[in-house]
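Reader: I'm new to this and would like to learn how to read a protein model. Could you walk me through one?

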Amino acid sequence: MRYSQKGLSLIELMVAMLIGLILIAGIGNIFIDSKRTYSFQQGLARIQENGRMALEFLGRDIRMAGYTGCASGEYSSVTNTLNNSGTLDYDFSRGVRGYEVGASIPSDLSALNPAPLFNTDVLILKGPVGDGVKVVGNKSGDANIEVEKQTVDCNSICCSGICQNDIVMATDCSKARIFQVTNLQPSGGNVKLVHSASGNPGNNISAWGGNRGDSREIFDADAEVVKIQTVYYYVGNSQASGQPALFMQVGVPGGTNPAREMLEGVESMKLLYGLDTGTDLVPDRGQCKGVS
């Protein structure tokens, strides 16, 4: 005689629950492993992206470091008229410098905030920023060089991408002169860049121009004026997260422009330099760390 099943026994129910728990545990492990793999891949992708971005930031400024116009690398006449032109902040004679931070921070870098981390490198690049402005005259006997007026709204503070207190370089294919613009004087279709001895750092020569009859003061028709700057790249602890990050300091450390956090998660930066000990612009010696 056939009997229809009226329910499950306790043993059958426990066996079914055990099988279900085993299946849930397996699915959970698969989910956890997938999540762990995803997190690992995401972290790896972030590291690769940060590395790519770091190289992009560095490469952009490295390529322009030491640029001095159409005769870059061949200059015999670069004149720096800034006060304190021998200090790290205002010495533009070398486009690339580097420091390796040891137990103590070099005095030249002590004003960096946050401070560079121990056993990391600091890269210092000096070069132009933005486009140049065409020089239209400094042979008229005036002490101030004149450039094209490229913007309609010009005043004594900013004009043609150049502003008061900017450090600029006038350059043609044979020479260059570095000075600080103390104020601007729009005049007709041009603008005069005044470079008096005032300001910070200021200029040690307040009057130079074609009126002196010196060929070093007269710029050719292909001359331009371009803004230049000093950029510090280094690794420090983020003030927001407390974790290491890549920082960029534009201009004098401790000045009006604070260091900017560029990329998080950058724990160290170690650089190798190639040195040209001759005059052929080809590195003769490599693997030099922390040279200045």
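Author: Let's go through a few features, one at a time. This is a predicted model, where local features need pLDDT of at least 70, side-chain atom pairs count only at pLDDT 80 or more, and totals for chains, interfaces and linings use all residues. Residues are numbered from 1 along each chain as its sequence is written, and side-chain values use heavy atoms, with hydrogens and water left out.

Reader: Which strands does β4 pair with?

Author: Strands are DSSP runs of E, at least two residues, and helices are runs of H or I, at least four, numbered from the N terminus. Two strands pair if DSSP finds at least two bridges between them. Here β4 (residues 145-148) runs antiparallel to β3 (residues 121-137), with two bridges.

Reader: Which peptide bond is cis?

Author: Most residues other than glycine have a negative phi, and most peptide bonds are trans. Here the bond joining asparagine 113 and proline 114 is cis, with omega about 5°. Proline 114 sits in the loop between β2 (96-100) and β3. Asparagine 119 is found in the loop between β2 and β3 too, and its phi is positive, about 65°, though it isn't a glycine.

Reader: What lines the second largest pocket?

Author: Rolling a probe the size of a water molecule over the atoms shows where empty space is left. On a 1 Å grid over the protein atoms alone, using a 1.4 Å probe, a pocket is an open set of points with protein on both sides within 12 Å along at least five of seven lines; lining residues have an atom within 4 Å of a point. This pocket has 20 lining residues, with Asn165, Ile167, Gly251, Val252 and Asn257 nearest its centre. β11 (224-237) and β12 (244-250) each supply at least two of the lining residues, and β11 gives the most, with four.
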